[in-house]
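Subject: Structure for you to look at

Hello,

Here is the structure I promised to hand over. Please open it next to this email and follow along.

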Amino acid sequence: MNRTVVMGFLLTLASAFFFAVSGPIAKTMYLTGWTPGSVVLIRLAGSAVLLLIPTLIALRGRWDEVRANWKTVLIYGLVSMAGVQGFYFVAVEHLTVAVALLLEMTAPMLLVFWIWARTRTRPATVTFIGVVVSMVGLLLVLDLRNSDISVFGVIMALAAAVCLASYFLVSAKDSINVPPVALTGLGMGIGALVMAVIVLAGVMPAGAVASDVDFGGYKVSWILPMAMIVVFTVGAYITGILGLRYIGATIGSFLNLVEVPFSVIVAWFVLFELPAPIQLFGGVFIVGGVGFIKWGESRLARRVASREVVVTSEELAPV
């Protein structure tokens, strides 16, 4: 295995880890009186500030591309940034971190039905198997026998999944010529403005307490976990972009599934929080189902590509 592939794997693993730790860290702050609105607003605004210079550098001489794709950039900031993070962090307040993340991970299943309805292209059989397996896992994670599970939290987590599906669709658009770092920076800025309006309107009340936070049994200043959330968010996107360039989107999307066990481990150490055994079992089904879905997508993409090659060869053949 060459160094480029190894570096791609390491960067993608780092990205998954950075994304996974945000939920548990945010929940430690909720326990001291912080609200999801304040956490998400500071996370988006702080990330936008850290990405400001890289965004301006990436957009030198390319602002016309931003103007040409302004609707996509706006939707990206509104849905993919403010929507995903806002709904997920509210869900984490009412559910365990692992359950909230597992419900959000049903996004690929939603994408299957969206693309099928939009393109009229029947997914591969493997994809259907993945959908069924994921749905079984979803029922196990919800653990319907347990009446203590928050219905509101489940709705918020599934709303985050819908927004995450939109994120995948926008990020995969080849027609967008805005550099990835710049798209992320602009999205963070727009998301921060949207969250500011939401918080000021009282839809997501603001609440912040300048007191120590219980972090894995240790008392630390609230500044430390808040700074970690911002830095890890920026790190997650940057390492994710670099990693995908080395190993490609297909392998990267499979590898990114390790975000689930990472989040369970971090929540265990930081919050001493573990989902019920049946929910962990359901999580295995969801992750496995997503794996089947992505496998089916890659098989379908190869099939379409091979057909295009055949058609092109026939067109170029001498008559």
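Phe232 has a relative accessibility of 18%, so this residue counts as buried, the cut-off being under 20%. Keep in mind that the model is predicted.

Phe232 also takes part in a ring pair. In total, seven aromatic pairs were counted. In one of them, the ring centres of Phe18 and Phe232 lie 5.1 Å apart. Their planes meet at 20 degrees, so this pair is stacked: stacked rings need planes under 30 degrees apart. Phe18 sits in helix H1 (residues 3-30), and Phe232 sits in helix H11 (residues 223-247). The two are 214 residues apart, so the pair links distant parts of the chain. Phe18 and Phe232 also belong to one aromatic cluster, together with Phe17 and Phe262.

Now look at two tryptophans. The ring centres of Trp34 and Trp222 are 5.4 Å apart, with planes at 40 degrees, so this pair is tilted. Trp34 lies in the loop between H1 and helix H2 (36-50). Trp222 lies in the loop between strand E2 (218-220) and H11. Trp222 is partly exposed, at 26%.

Stay in helix H11 for Tyr237. Its relative accessibility is 11%, so Tyr237 counts as buried. Which residues does Tyr237 touch, leaving out those up to four places away in sequence? They are Phe19, Met81, Gln85, Tyr167, Thr184 and Met188. Ser15 is 222 residues from Tyr237 in sequence, but their C-alpha atoms are 6.7 Å apart in space.

Met81 and Gln85 are in H5, while Thr184 and Met188 are in H10. The axes of helix H5 (residues 70-94) and helix H10 (residues 180-200) come within 7 Å. They cross at roughly 65 degrees, and the crossing is right-handed. On the H5 side, the residues that meet H10 also include Val73, Leu74 and Tyr76. On the H10 side, they include Leu183, Leu186 and Gly187.

Next, helix H8 (residues 125-142), where you will find Ser134. Ser134 is buried, with a relative accessible area of 1%. Beyond residues up to four places away in sequence, Ser134 touches Met109, Phe285, Ile286, Gly289, Val290 and Ile293. Other buried residues of H8 include Val126, Thr127, Gly130 and Val131. H8 has 18 residues and should span 26 Å at 1.5 Å a residue. Its end C-alpha atoms are 26 Å apart, which agrees.

Helix H2 can be checked in the same way. H2 has 15 residues and reaches 21 Å from its first C-alpha to its last. That is close to the 21 Å expected. Among its buried residues are Pro36, Gly37, Ser38, Val39 and Val40.

Last, the whole chain. Its secondary structure comes to 14 helices and two strands. Of its 319 residues, 47% are buried. Take the contacts between residues at least 6 apart in sequence: 88% of them join residues at least 24 apart. The accessible surface is about 16100 Å², and 71% of that belongs to carbon and sulfur atoms.

Best wishes

Terms used: Residues numbered from 1 in each chain as written. Predicted model: local features only at pLDDT ≥ 70, side-chain atom pairs only at ≥ 80, totals over all residues. Heavy atoms only, no water. Phe/Tyr/Trp six-rings, centres within 6.5 Å; stacked < 30°, edge-to-face > 60°. Helix = DSSP H or I, 4+ residues; strand = E, 2+ residues; numbered from the N terminus. Buried < 20%, exposed > 50% of the residue type's maximum accessible area, 1.4 Å probe, protein only. Contact = heavy atoms within 4.5 Å. Expected span 1.5 Å × (residues − 1). Areas by Shrake-Rupley, 256 points an atom, 1.4 Å probe, with all protein chains shown as cover. Axes fitted to C-alpha atoms, helices over the stretch in contact; angles between N-to-C directions. Left-handed = near helix turned anticlockwise from the far one by under 90°.
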